[in-house]
Amino acid sequence: MAIRADSTVAAMLAQKCPRCHRGPLFRYSALHLTRFDDMYESCAVCGQHYEPEVGFYWGAMYISYGFSTLIVVLTGVLLFYLAHDPPVWVYVTAVALVVIALTPLLFRYARVVMLYFFGGIHYNPRFAESLPLRPAE
């Protein structure tokens, strides 16, 4: 089944604005390791402010913790079955490497989930097609 262009899931995966699904949330690529956390203040398309209240993204730490826990469990299960229950140091090293490697994505997607589910911002199709891109701040 294909995902529609105005799909919330597609917009979340692409890290786009929750209101118009077009404007980017982050200034740089997740691969830019020193700046992966830089967010725009507002959407370049619809002007939606990305921080509904001061300290809003503190809650994203809990979401990131949940993502990390899932990664720890999946890595442990995969090692158990694929590496035939290796020594503990292999588990610890593998989990640490995977979590460190995925830190930029964990950070970003925790913020995306926080903004989409707890930001009180809803998709508005009128912004998706009618407005041209504004210059970013």
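At what angle do the axes of helix H2 and helix H3 cross? The axes of H2 (residues 60–82) and H3 (residues 88–118) cross at roughly 145° and come within 7 Å. Axes are lines fitted to C-alpha atoms, for helices over the stretch in contact, and angles run from 0 to 180 degrees between N-to-C directions.

## Basis of the model

This is a predicted model, in which local features need pLDDT of at least 70 and side-chain atom pairs count only at pLDDT 80 or more, while totals for chains, interfaces and linings use all residues. Residues are numbered from 1 along each chain as its sequence is written, and side-chain values use heavy atoms, with hydrogens and water left out.

## Overall make-up

The chain has 4 helices and 0 strands, in the order α-α-α-α along the sequence. Helices (H or I, at least four residues) and strands (E, at least two) are DSSP runs, numbered from the N terminus.

Of the 137 residues in the chain, 38% are buried. Buried means under 20% relative accessible area, exposed over 50%, and partly exposed in between (1.4 Å probe, protein chains only).

## The contact of H2 with H3

The contact of H2 with H3 is a right-handed crossing; a crossing is right-handed if the near helix is turned clockwise from the far one by less than a right angle, and left-handed if anticlockwise. Its residues divide into 20 nonpolar, 4 polar and 1 charged. Here Ala, Val, Leu, Ile, Met, Phe, Trp, Tyr, Cys and Pro count as nonpolar, Asp, Glu, Lys and Arg as charged, and the others, Gly among them, as polar.

## Loop residues

Two residues sit in the loop between H1 and H2: His 21 and Phe 56. His 21 is not a glycine, yet has a positive phi near 60°; its relative accessibility is 10%, so it counts as buried. Phe 56 is also buried, because its relative accessibility is 7%. From Phe 56 to Leu 115 the C-alpha distance is 8.6 Å, although 59 residues separate them in sequence.

Asp 85 belongs to the loop between H2 and H3. Its phi is positive, about 55°, and it is not a glycine either. With a relative accessible area of 45%, Asp 85 is partly exposed.

## Salt bridge

Side chains of opposite charge can pair when their charged atoms come close. The whole structure holds 1 salt bridge, defined as a side-chain nitrogen of Lys or Arg within 4 Å of a carboxyl oxygen of Asp or Glu. A salt bridge joins Arg 35 and Asp 38, at 2.6 Å from N to O. Arg 35 has a relative accessible area of 35%, so it is partly exposed.
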